Amino acid sequence: MSLANLRFRTINIIICALSALAGLVLLVVLAFITRNVSDLQRDWQEYQQARSDKPRLEGQLTKALGYGGMVHDFKNLVLRQDLELIGEVQNEIGAARSALSRYQNLGLTQGEENAVAGLRATISRYELMVPRIRTMIEQGRSSADIDKLVQIDDFQAVSGLDTLRRISIAELRDNDNPLENGMGKARLVANLRRDLGYGEMIHHFKNYVLRSDAIYGQQAAQDIESLRATLAAYRALGMNTAEQRAIRDIADVIQSYGDRLNKVNQLHDEQADLSPREIDQLVKVNDAPALDALAVLDHESRMRIAATSAAVGKTLKLLARVAPVVNGLALAMIVVLIGISMWLFGRYVLVPIRRLTQTMNTLANDDVSVVIDSTQHTNEVGQMARALQKFKYNIIESNNYKKRITQLAMHDSLTGLPNRQHFYERVEHWLESVSGEGGQLACLMLDIDKFKPINDTHGHAAGDVALKVIAERLNQVVRKGDFVARLGGDEFVVLVHNADIQANLGRHGELAQLAQRIIDSLGKPFLYEEHKLEVGCSIGIAIAPQHGTDREQLSHNADMALYAAKNEGRNCAVQFSRHDELGQIVATASKKRDGQKQRN
């Protein structure tokens, strides 16, 4: 065994053996150091445990699916028929799938594999129901009818979540140094999210409103009692002021649900003619205080983890201060002993610990460029270095995860173009700029002509290739500062901000030239396998502030112009006009040639 791999206790024994003359004094000092090293090891193990991957991902999954998450918003979408909730549901589906993917990379037992598979299948079923709900809402169907047609069996997902939760709890208990108070609170917060969310109180409450089945009301009442017991257990652990307010807010929301539950019972018994949507309006509860309170409790958990990290750093600094004192005492007693002690502690304890302390401070500032050494050692320094390496990896993964979520939320997965949500944010931002600073904003709505025959004849794979080609060509013909997005299907949009936009689409106007470039570019044939395919493009143009000062108005007028372009025979551009709501036409080169032939 090399000296670099000696454990601290072994070093202490060597020093004690060499300290025959001053053994008693030196042993007392070394005992003090050993105790601090033990505390450091314990604190670091607690820190690692608090960062355990499976419990953390199980908590993220419970949050994404449950209270304030996918199922909560899904039920509210059915009840309240608010189409804006569709985006929330889809985002939460993405977050749940991301957590499942990261969980699956950790190495799973067969039970966990089955649980993850059940969760994936159920989430996919919910995702398939979202567009059906949109269609039924647009058709004017009632909430009760919609609920009957989109009912989903949640047994696989609920039992899968229970399996992952049991495994997470077992993983925490198996650790040699469990965090009694800190982890107890974290587990209670996880229990609150569980009992509030998927398969529990909010799920049963919404189903009771929708389906009038008393069994859901009974289950919701049982869930409320369980939640109150969890709140009492949290209070018993002691709370700071922020936790007291958070627990009080959660208790108030739970009380509101209890009161509303009694009201739902009464409404079902006395006013059977009320629709679920009308009942929901009468018993609606503001969930914001509880959701904010859960975020506060999560923050307090993170603060406790940070405190553990600070305790580790404090212990390391204490060791760094005490070790020179030990060496000084040893020098006063035995010159040879101090030489050996300084050599051992300086090279194999102090220097690695100082490097690890600096590394921890660097990582605490989110600087992941730092290189962590000593990971090859088998002693405590090596253990801490490997733990820091894992911590660094977790930070990198967390940052990548955030970037990935942002990318998925704001971009189309097929073409890589910004999606509808990104378009909404960009057009509203630029409209504010136009309103405050002047200038103009042009909105070009594009609809691809002859796209459906490609799908029908050659299949969706060909359609996907066509969409990618269209996206690439649009990016090539627009200017550097212009914005291109795919709104869905074969609909695209181009925003031109603060360009030299003329009042009409004259032959030499910049928008006319841009529209013509788009039409010419998209009209060029492309190859799919051995087939030569061709599409066209119809464009509707609206300009802010002349044709609208807000997103809805500007988009609507651009759509009106697009409709006029299609009526003109497609493959042309039309600018919106307030006089006739049809617009002025900028024809393609082919139409110009046709007109010239007729004149000739």
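**Second largest pocket**

I looked up which helix gives the largest share of the lining of the second largest pocket in this predicted model. Helix H5 does, with 10 residues. I counted 30 lining residues in total. Gly-87, Gln-90, Asn-91, Ala-409 and Asn-419 lie nearest the centre of this pocket. Helices H5 (85–104), H6, H16 (380–410) and H17 (420–437) each give two or more residues to the lining. For the volume, I noted about 1,300 Å³ of space.

**Nonpolar cores**

Next I turned to the largest nonpolar core. It has 71 residues. Which members touch the most others? I found Leu-61, Leu-65 and Tyr-257. Helix H6 (residues 110–138) supplies the largest share of this core, 10 residues. H6 also gives two or more residues to the lining of the second largest pocket.

I then followed Leu-61. Leaving out residues up to four places away in sequence, Leu-61 touches Ala-96, Ala-99, Leu-100, Leu-119, Leu-161 and Leu-164. Another core, of 35 residues, lies apart from the largest one. Leu-444, Ala-471, Leu-474 and Val-477 are among its members.

**Strand S6**

I checked strand S6 (residues 536–544) for burial. Nine of its nine residues are buried, so S6 is largely enclosed by the rest of the structure. "Buried" here means under 20% relative accessible area.

I sorted the side chains by direction. In a regular strand, side chains alternate between the two faces of the sheet. In S6, Gly-536, Ser-538, Gly-540, Ala-542 and Ala-544 point one way. Cys-537, Ile-539, Ile-541 and Ile-543 point the other way.

**Partners of S6**

Does S6 run parallel or antiparallel to strand S1 (residues 441–449)? The two run antiparallel, joined by nine bridges.

With S7, strand S6 pairs in the parallel sense, over three bridges. Ile-539 stands opposite Ala-573 in S7. Gly-540 has Val-574 in S7 as its bridge partner.

Methods. Residues are numbered from 1 along each chain as its sequence is written. This is a predicted model: local features need pLDDT of at least 70, side-chain atom pairs count only at pLDDT 80 or more; totals for chains, interfaces and linings use all residues. Side-chain values use heavy atoms; hydrogens and water are left out. Two strands pair if DSSP finds at least two bridges between them. Helices (H or I, at least four residues) and strands (E, at least two) are DSSP runs, numbered from the N terminus. A nonpolar core is a set of buried Ala, Val, Leu, Ile, Met, Phe, Trp, Tyr and Cys residues joined through side-chain atoms within 4.5 Å. Buried means under 20% relative accessible area, exposed over 50%, partly exposed in between (1.4 Å probe, protein chains only). Contact means heavy atoms within 4.5 Å. On a 1 Å grid over the protein atoms alone, a cavity is a set of points where a 1.4 Å probe fits but cannot get out, and a pocket is an open set with protein on both sides within 12 Å along at least five of seven lines; lining residues have an atom within 4 Å of a point. Grid points are joined across faces, edges and corners, and a volume is the space filled by probe spheres set on the points.
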